[in-house]
Amino acid sequence: MKRLILGIALAALLAACTEQEKPSSAVATAKSAGNASAGKAVAERDCKTCHGLDGRGLAPGIPNLAGQREPYLLLALTEYREVKRAHAALRDLAGRLTEEERRNVVAYYAAQPPVAISGKDEQHTSLLERGSALAAACVKCHGEEGNSRTPGIPSLAGQQPHYLVTAIQEYHRGERKKAPMDALLRNASVGELESLALYFASRTPAQRAAPSLGDPKAGELLTAMCGGCHGPNGDSSDAATPSLAGQDPQYLLKAIRAYRTSRKHWGMQRYVAGLTDQDMENISAFYAVQPSKPAGTVPSSARELAAKCDRCHDSEDTPKMVVPILRGQDKDYLVMALRAYRDDKRESSTMHRMSAIYSNVVIDDIASYYASLPRDKR
């Protein structure tokens, strides 16, 4: 299954946002009929340990309920009761509450003043800027914008981002033997590595001249098996599978040979076992001269991404759609919710389609942006 887990296809969001999901019938017909005063007693008895009486989550990852839209809160409780959401304690609670108690408690929390944001709006550095800054450590070996001109050194421009993160981590774990890579970026977080990978994925690969080793035409006949994973002519469309098109031929040759000895991959090991040294040179030559392109584009900012989310979550039609307010929400909760939608662990076909292309660093960006916004700002 090919899942673009990185935020590099923003056009998909525009299509997804045009669809509205049908809320469950229990909520679609609900009106604001709850009794907030009676709901306070329910909150005191069942909810304050986690959400407080004021509706502020008492720990990271616990959502703020204060000032949230009443229909959405009722929908959430209904989904827990119907076992459509995974939190075991909330499933139990929602199952024990009567319909009247559910309506009353959501009316109570919806009536509370929104949680105040202590800081000012954050100035979010774009993923492109972060990735470009980290890439400065790579230029000496891998060339400007990741286009290597040194024989034996791979190009990173246009490379699939998830694969690149995995490769860096393999160097750090000692699973690939290359001394310079062992020291670089060792202390970088996964988020920083994803930013770096997104940057290189968005760079345009340079076209290569025919190499001195191997015969590209002869190599083409040997790549039928390769195309099943690496794409036609080595142009991968899977974020976890490397592109081979336009790659340095000596690096490709060295990598293919490594599967005979040190590199572990069951499929690759079986395939290269039947290749001669000349076959390997021919395959490397073929892929080196194939035209390549960027694996994707980098979102300019979290604000750009959020503009798509706001079409549903911050529009005049929002009250009709039974969706939550995101501004001022707990960041950790937003991260968990977006990941759950992305990984298809929370039911919402629209949200799954929208978030399936998001990497963890993109989700973190969106969550940080919304968590930093006071409720009265749009």
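**Labels and what backs them**

Reply: Let's start with Glu79, which is buried because its relative accessible area is 14%, and buried means under 20%. Bear in mind that this is a predicted model.

Me: What makes Arg85 buried or exposed?

Reply: Its relative accessible area is 4%. The cut-off for buried is under 20%, so Arg85 counts as buried.

Me: Why is the contact between Glu79 and Arg85 called a salt bridge?

Reply: The N to O distance between the two side chains is 2.8 Å. The limit is 4 Å, for a Lys or Arg nitrogen and an Asp or Glu carboxyl oxygen, so the pair of Glu79 and Arg85 qualifies as a salt bridge. As background, side chains of opposite charge can pair when their charged atoms come close.

Me: How many salt bridges does a search of the whole structure find?

Reply: The search finds 14. Arg45, Asp46 and Glu101 are linked in a network of them.

Me: What makes Asp235 and Lys293 a salt bridge, and which parts of the chain does the pair link?

Reply: The closest N and O atoms of Asp235 and Lys293 are 2.2 Å apart, and the cut-off is 4 Å, so this pair passes as well. The pair links distant parts of the chain, 58 residues apart. Asp235 sits in the loop between H13 and H14, while Lys293 sits in the loop between H16 and H17. Lys293 has a relative accessible area of 46%, so it is partly exposed.

Me: And Lys331 with Asp364, what do they tie together?

Reply: Their side chains meet in a salt bridge at 3.2 Å, N to O. Lys331 is in helix H19 and Asp364 is in helix H21, so the pair ties together parts 33 residues apart in sequence. Lys331 is partly exposed because its relative accessibility is 30%. Asp364, at 31%, is partly exposed too.

Me: How do you know whether H21 is mostly covered?

Reply: Count its residues: 10 of the 12 in H21 are buried. Among them are Val361, Val362, Ile363, Asp365 and Ile366. The cover over the buried residues of H21 includes helix H7 (127-135), helix H11 (190-201), H17 and H19.

Me: What makes a set of residues a nonpolar core here, and which residues have the most contacts inside the largest one?

Reply: The members have to be buried residues of the nonpolar kinds, Tyr and Cys included, joined through side-chain atoms within 4.5 Å. The largest core that meets this has 22 residues, and those with the most contacts inside it are Leu127, Leu198, Tyr358, Val362, Ile366, Tyr369 and Tyr370. Helix H17 (302-313), helix H19 (331-342) and helix H21 (360-371) each supply at least two residues of this core. The largest share, 7 residues, comes from H21. Apart from it lies another core of 16 residues, including Ala135, Cys138, Tyr171 and Met181. In soluble globular proteins, nonpolar side chains tend to be buried together.

Me: Why is His230 called buried?

Reply: Its relative accessibility is 13%, and the cut-off is under 20%, so His230 counts as buried. His230 is in helix H13. Leaving out residues up to four places away in sequence, His230 touches Asp235, Ser236, Thr241, Pro242 and Leu244.

Me: Which element has the lowest mean pLDDT?

Reply: That is helix H1 (residues 11-17), with a mean of 35, while helix H16 (residues 277-288) has the highest, 97. Over residues 1-31 the pLDDT is below 50. Where pLDDT is low, the predicted coordinates should not be read in detail. For the protein chain, the mean pLDDT is 84, and 84% of its residues reach 70 or more.

Technical notes: Residues numbered from 1 in each chain as written. Predicted model: local features only at pLDDT ≥ 70, side-chain atom pairs only at ≥ 80, totals over all residues. Heavy atoms only, no water. pLDDT = per-residue confidence, 0-100. Helix = DSSP H or I, 4+ residues; strand = E, 2+ residues; numbered from the N terminus. Contact = heavy atoms within 4.5 Å. Buried < 20%, exposed > 50% of the residue type's maximum accessible area, 1.4 Å probe, protein only.
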